[in-house]
Amino acid sequence: MTLHQNGAMPEGAVIFSPGNSVERETGGWRVNRPVVQMDRCTHCMICWIFCPDSAIETGEGKFLGFDLAHCKGCGICATECPVKCIDMIEELTLLGAATEQGGR
Ligand code: SF4
Ligand code: SF4
């Protein structure tokens with residue numbers, strides 16, 4: 001059954017092709033943004049293992065940051081980080097700070 005065959009939607013959630021989350025930018029769903037204290041990060045990569053959206057950016061075996069186009073802000077990385085160097089900050093707070101700085 002195609003998505004709109006006879007004007008009807010298929011029942012339930014249907015994933016038509018696996019591994020397609022990278023094609024969908026879901027960062028706009030986020031309420032809280034992960035922010036890392038990079039000087040405390042040990043590059044253990046536990047956050048990379050646990051992130052359900054593959055939104056941890058890495059390079060040469062090191063943590064580099066977050067892919068904010070795909071991070072949904074679930075906070076799992078902050079919970080699992082063994083040294084607790086990830087804080088979940090409200091997007092509105094961060095946007096407010098950016099606006100204030102831009103207005104100076
Ligand atoms: S889990 Fe924490 S310490 Fe480990 S790589 Fe991620 S941010 Fe760094
Ligand atoms: S908040 Fe969730 S989706 Fe975003 S980087 Fe952390 S674990 Fe991944």
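**First stop: the hairpin**

Select strand 2 and strand 3: in their hairpin, which has 2 residues between the strands, glutamate 60 takes a positive phi near 50°. Helices (H or I, at least four residues) and strands (E, at least two) are DSSP runs numbered from the N terminus. The two strands, strand 2 and strand 3, pair in the antiparallel sense over 4 bridges; pairing requires that DSSP find at least two bridges between two strands. Within this pair, isoleucine 56 stands opposite phenylalanine 66 of strand 3.

This is a predicted model, in which local features need pLDDT of at least 70 and side-chain atom pairs count only at pLDDT 80 or more, while totals for chains, interfaces and linings use all residues. Residues are numbered from 1 along each chain as its sequence is written, and chains are lettered from A and ligands numbered from 1 in the order in which they are written.

**The whole chain**

Now display the entire protein chain, which has 3 helices and 4 strands in the order β-α-β-β-α-β-α along the sequence. Of its 104 residues, 12% are buried. A residue is buried if 20 or more other C-beta atoms lie within 10 Å of its own, exposed if 12 or fewer, and partly exposed in between, with C-beta atoms placed from the backbone.

**The nonpolar core**

Next select Cys47, Cys51, Ala55, Ile56, Phe63, Phe66, Cys71, Cys77, Cys81 and Ile86, the 10 residues of the largest nonpolar core. Such a core is a set of buried Ala, Val, Leu, Ile, Met, Phe, Trp, Tyr and Cys residues joined through C-beta atoms within 7 Å. Then centre on phenylalanine 66: leaving aside neighbours within four places in sequence, this residue is in contact with Pro34, Ala55, Ile56, Glu57 and Cys71. Contact means that the C-beta atoms of two residues, placed from the backbone, lie within 7 Å.

**The two ligands**

Which residues come nearest to ligand 1? Of the 13 around it, these are Cys41, Cys44, Cys47, Phe63 and Cys81; a residue is near a molecule if its C-beta atom, placed from the backbone, lies within 6 Å of it. The shell around ligand 1 has 11 nonpolar, 2 polar and no charged residues. Here Ala, Val, Leu, Ile, Met, Phe, Trp, Tyr, Cys and Pro count as nonpolar, Asp, Glu, Lys and Arg as charged, and the others, Gly among them, as polar.

Move to ligand 2, where 13 residues form the surroundings and Cys51, Cys71, Cys74, Ile76 and Cys77 are the closest. The shell around ligand 2 divides into 9 nonpolar, 2 polar and 2 charged residues.

Select glycine 73, in the loop between strand 3 (62–66) and helix 2 (76–80). Is glycine 73 buried or exposed? Glycine 73 counts as buried because 23 C-beta neighbours lie inside 10 Å. Its C-alpha lies 7.8 Å from that of methionine 88, 15 residues away in sequence.

Lysine 72 belongs to the loop between strand 3 and helix 2, but is partly exposed, with 18 other C-beta atoms within 10 Å. Beyond four places in sequence, lysine 72 touches Thr26, Trp29, Arg30 and Asp53.

**Last stop: two further positive phi values**

Finish with serine 54, in the loop between helix 1 (46–50) and strand 2 (56–59), where phi is near 50°. Lysine 84, in the loop between helix 2 and strand 4 (86–90), has a positive phi of about 50°. Most residues other than glycine have a negative phi.
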